[in-house]
Amino acid sequence: MNTSRPLLVVVVAACTLAAATIRAQTTVSFSRTVYPIFEAAQCRGCHSDDGVASATRLHFPDPNASPDDIEAFGVTLAVLVNRDEPDRSLLLNKPTNRERHTGGVRIQPGSFEEQALRDWIRFLTTVSDATVTAARERLSATKTVSQPDQVLRRLTHSQYNNTVRDLLGDHSRPADRFPAEDYVNGFKNQLRTQGIPPLLEEAYSASAEKLALNAFRAGDVNHLVPCKPAHARDIKCRDQFVTAFGMRAFRRPLTNDEVRRYTSLFGTQAARSGQFLDGARVVIEAMLQSPKFLFHAESGPGARRNWRR
Ligand code: HEC
């Protein structure tokens, strides 16, 4: 822990310096004028990590970014500005749909909002390359500081199919019927948070229910239970199943807390129906909907580098 502190201080100092430079050269406040307009127009819904426009050059910072970070973000938008002919800037013509924009008309031509955007674009034509670079560095430094060491990647649809095949012996390729990947997630499967778009969440939950039902439809034909339960409430066999299946589903041993949670879920259901396999079924259903199954963690410096790409 202590060894990383000097680095952090250097990064923070660099950020403060960059922020001062950016502020000194900025006469208009982006965070108080254009940014609220963009938020009201919901640009973020598509232009963020898990949105359909995640691969474009317009990429919103965290919703809780500091005003200095938002100011820096405003300056980085210079890449979407045509310095020689500001009227032909993508930053103006995409959101007004003068140039075909998948997001449609988000800012009405001729409106007050458009005028504010034009003012900002005019300002951006005057900003030096050094200022834009400083702003970009500030944003990526902030990201580095707040980044976790692990990158979480959502299973792609084809990984999902292969995983449930290996885990349950189920060859039905359920993810082939999920919402198309580019629709739910732009071009990326990595998320800063563990959020899942609502459409996909529904698909995951329906799929988990079906897979869990099918797993024991004809008894435990795929040998998912590593022991022979003496009766529906066989605690020893229940615990063995939860730890063994959990380890395969989450790709790591379960924590004590997880074991407690899933065995209790198992116990309630098995007691209710008087069937051991019914307890196992609800555990499978719950685990297949867990972010710990749906995301896999990549750690180490390589993962960090990928994140920043
Ligand atoms: C419903 C989704 C959606 C919303 C909302 C949306 N956009 Fe977009 N935007 C896209 C997509 C998809 C693209 C890439 C394809 C295209 O250019 O149409 C894009 C492209 C752009 C580009 C070009 C980026 C580049 O790298 O060339 C700009 C600029 C842009 N949008 C601005 C905005 C602004 C500003 C807002 C809010 C006022 C906004 N968009 C709202 C989906 C959206």
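Hi everyone. A word on ground rules: this is a predicted model, where local features need pLDDT of at least 70 and side-chain atom pairs count only at pLDDT 80 or more, while totals for chains, interfaces and linings use all residues. Residues are numbered from 1 along each chain as its sequence is written.

Let's begin with the whole chain. The protein chain has 14 helices and three strands; these are DSSP runs numbered from the N terminus, with helices being H or I of at least four residues and strands E of at least two. Of its 309 residues, 29% are buried. Here, buried takes 20 or more other C-beta atoms within 10 Å of a residue's own, exposed is 12 or fewer, and partly exposed is in between, with C-beta atoms placed from the backbone.

Now the ligand. Which residues are closest to the ligand? They are Cys-43, Cys-46, Arg-57, Thr-102 and Gly-103, out of 22 that surround it; to count, a residue's C-beta atom, placed from the backbone, must lie within 6 Å. That shell divides into 12 nonpolar, seven polar and three charged residues. For those classes, Ala, Val, Leu, Ile, Met, Phe, Trp, Tyr, Cys and Pro are nonpolar, Asp, Glu, Lys and Arg are charged, and the others, Gly among them, are polar.

Next, a helix pair. Helix 10 (residues 235–250) and helix 12 (residues 276–288) have axes that come within 11 Å and cross at roughly 25°. Axes are lines fitted to C-alpha atoms, for helices over the stretch in contact, and angles run from 0 to 180 degrees between N-to-C directions.

Most residues other than glycine have a negative phi. Gln-42, although not a glycine, has a positive phi of about 60°. Where does Gln-42 sit? Its place is the loop between helix 2 (34–40) and helix 3 (67–76). Gln-42 is exposed, with 11 other C-beta atoms within 10 Å.

Arg-251 also has a positive phi of about 60° without being a glycine, and its place is in the loop between helix 10 and helix 11 (256–273). Is Arg-251 buried or exposed? Arg-251 is exposed, with 12 other C-beta atoms within 10 Å.
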